[in-house]
Amino acid sequence: MENEELPNELPEEYQFEFLSHSDYIQAAYFALSSVDDVDTEIVSETMRKRIFRIKRKSIKIIDYCLSELYNELFDDELE
């Protein structure tokens, strides 16, 4: 164990997956679609809260991403 050398460099292969605003919008839309047809009158209170939380978060994600995309598109017009 004394003679073992530790690697001086980290492996060069790293994979990063960056998500675009469109990816976030798509994921939020799919989340909204998955709970859209659930009748909140016949599910438990816990499930009802979960559905409303999913809807609230999804709408917030869509709003934020659309605002960012809008600002990218029309940022030059403000100058």
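In which helix is the place of His21? His21 sits in helix H1, which covers residues 21–36. The model is predicted. Its protein chain comes to two helices and zero strands. Buried residues make up 11% of the 79 residues in the chain.

**Helix H1**

- H1 has 16 residues. From its first C-alpha to its last, H1 reaches 22 Å, close to the 22 Å expected at 1.5 Å a residue.
- Ile25, Ala28, Leu32 and Val35 are buried in H1. The buried residues of H1 fall within an arc of 100° when seen down the helix axis, so they line one face of the helix.

**His21 and its partners**

- His21 counts as partly exposed because its relative accessibility is 22%, and buried means under 20%.
- Leaving aside neighbours within four places in sequence, His21 is in contact with Cys65, Glu68, Leu69 and Glu72.
- Leu69 is 48 residues from His21 in sequence. In space, the two are 7.4 Å apart, C-alpha to C-alpha.

**Val35 and its partners**

- Val35 is found in helix H1. Val35 is buried, with a relative accessible area of 8%.
- Not counting residues up to four places away in sequence, Val35 touches Ile51, Ile54 and Lys55.
- Val35 and Ile54 are 19 residues apart in sequence. Their C-alpha atoms are 8.0 Å apart in space.

**Loop between H1 and H2**

- Thr40 is found in the loop between H1 and H2.
- Is Thr40 buried or exposed? Thr40 is buried, because its relative accessible area is 14%, and the cut-off for buried is under 20%.
- With neighbours within four places in sequence left aside, Thr40 is in contact with Arg48, Ile51 and Phe52.

- How many salt bridges does the count come to? The count comes to one salt bridge.
- The side chains of Arg48 and Glu45 meet in that salt bridge, at 2.5 Å, N to O.
- Side chains of opposite charge can pair when their charged atoms come close.
- Both Arg48 and Glu45 lie in helix H2, residues 45–78. They are three residues apart, about one turn of the helix.
- Glu45 counts as partly exposed, at 44% relative accessibility.

**Ser58 in helix H2**

- Ser58 lies in helix H2.
- Ser58 is buried, with a relative accessible area of 5%.
- Which residues is Ser58 in contact with, leaving aside its neighbours within four places in sequence? They are Ala28, Ala31 and Leu32. Ala28 and Leu32 are among the buried residues of H1.

**Surface**

- Leu19, Tyr24 and Ile61 make a nonpolar surface patch of about 280 Å².
- Ile61 is found in helix H2. Ile61 is partly exposed, with a relative accessible area of 36%.
- The protein chain exposes about 7800 Å². Carbon and sulfur atoms supply 53% of that area.

Note on methods
Residues are numbered from 1 along each chain as its sequence is written. This is a predicted model: local features need pLDDT of at least 70, side-chain atom pairs count only at pLDDT 80 or more; totals for chains, interfaces and linings use all residues. Side-chain values use heavy atoms; hydrogens and water are left out. Helices (H or I, at least four residues) and strands (E, at least two) are DSSP runs, numbered from the N terminus. Buried means under 20% relative accessible area, exposed over 50%, partly exposed in between (1.4 Å probe, protein chains only). Contact means heavy atoms within 4.5 Å. A salt bridge is a side-chain nitrogen of Lys or Arg within 4 Å of a carboxyl oxygen of Asp or Glu. The expected span of a helix is 1.5 Å times one less than its number of residues. The arc is that of the directions from the helix axis to the C-beta atoms. Patches are made of residues with over 30% relative accessible area and no salt bridge: like charges are joined within 9 Å, nonpolar side chains (Val, Leu, Ile, Met, Phe, Trp, Tyr) within 5 Å. Accessible areas come from the Shrake-Rupley method with a 1.4 Å probe; for residues, only the protein chains shown count as cover.
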